[in-house]
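Please keep the sequence and the model open beside the text while reading.

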Amino acid sequence: MKLSIEFSSSGIELENFKYSVVQGGKTLVEDSLSGRLSSSFVRTFEVEAGEGPVNVVIQDSNIQGLNVIASLS
């Protein structure tokens, strides 16, 4: 399955922003991101996933103005 993670913001700087995507109790992806985010940015991964929702887990949840959405297709 394809996992898409969309990051959006109106101009924040990220430095070693660590996140993971989980489904149930299984971690599908662990990754990090650094740089300036001034619009929308999508990362895609091939994963082995089941049916059901996925959740994004962010280590530092105090980042203002950052939206992260994960979806499977």
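Does serine 4 count as buried or exposed? The first point takes this up, after a word on the model.

This is a predicted model, in which local features need a pLDDT of at least 70 and side-chain atom pairs count only at pLDDT 80 or more, while totals for chains, interfaces and linings use all residues. Residues are numbered from 1 along each chain as its sequence is written, and side-chain values use heavy atoms, with hydrogens and water left out.

1. Serine 4. At 15% relative accessibility, serine 4 counts as buried, where buried means under 20% relative accessible area, exposed means over 50%, and partly exposed lies in between (1.4 Å probe, protein chains only). Serine 4 belongs to strand 1; helices (H or I, at least four residues) and strands (E, at least two) are DSSP runs, numbered from the N terminus. When its neighbours within four places in sequence are left aside, serine 4 is in contact with Val42, Arg43, Thr44, Ile69, Ala70 and Ser71, contact being defined as heavy atoms within 4.5 Å.

2. Confidence. The pLDDT, which is the predictor's confidence in each residue on a scale from 0 to 100, averages 94 over the chain, and 100% of the residues score at least 70. Among the elements of the chain, strand 1 has the highest mean pLDDT (97) and strand 2 the lowest (94).

3. The largest nonpolar core. A nonpolar core is a set of buried Ala, Val, Leu, Ile, Met, Phe, Trp, Tyr and Cys residues joined through side-chain atoms within 4.5 Å. The largest one here has 17 residues, of which Leu3, Ile5, Phe7 and Phe17 touch the most other members. Strand 1 (2-8), strand 2, strand 3 (26-37) and strand 6 (67-72) each supply at least two residues of this core, and strand 2 gives the most, with 5 residues.

4. Phenylalanine 7 and its aromatic partners. Phenylalanine 7 is buried, with a relative accessible area of 0%, and among the residues that it touches, not counting those up to four places away in sequence, are Phe17, Tyr19, Leu33 and Phe41. The structure holds 4 aromatic pairs; rings of Phe, Tyr and Trp (its six-membered ring) pair if their centres lie within 6.5 Å, and planes under 30 degrees apart count as stacked, over 60 as edge-to-face and the rest as tilted. The rings of phenylalanine 7 and phenylalanine 41 have centres 6.3 Å apart and planes at 35 degrees, so this pair is tilted. Because phenylalanine 7 lies in strand 1 and phenylalanine 41 in strand 4 (residues 40-46), the pair ties together parts that are 34 residues apart in sequence. Phenylalanine 41 counts as partly exposed, at 33% relative accessibility, and Phe7, Phe17, Tyr19 and Phe41 form one aromatic cluster.

5. Salt bridges. Side chains of opposite charge can pair when their charged atoms come close. With a salt bridge taken as a side-chain nitrogen of Lys or Arg within 4 Å of a carboxyl oxygen of Asp or Glu, the count comes to 2 salt bridges. In one of them, arginine 36 pairs with glutamate 13, the closest N and O atoms being 3.8 Å apart; arginine 36 lies in strand 3 and glutamate 13 in strand 2, so the pair ties together parts that are 23 residues apart in sequence. Arginine 36 is exposed, with a relative accessible area of 57%, and glutamate 13 is exposed as well, at 55%. The side chains of aspartate 31 and arginine 43 also meet in a salt bridge (2.6 Å, N to O), and this pair links aspartate 31 in strand 3 with arginine 43 in strand 4, 12 residues apart. Aspartate 31 is partly exposed at 26%, and arginine 43 is partly exposed at 22% relative accessibility.

6. Asparagine 16. Where in the chain does asparagine 16 lie? Asparagine 16 is in strand 2, and although it is not a glycine, it has a positive phi of about 50 degrees. Its relative accessible area is 41%, so asparagine 16 is partly exposed.

7. Valine 47. Valine 47 is found in the loop between strand 4 and strand 5 (55-58), and at 10% relative accessibility it counts as buried. Not counting residues up to four places away in sequence, valine 47 touches Met1, Leu3, Leu28, Val29 and Leu72.
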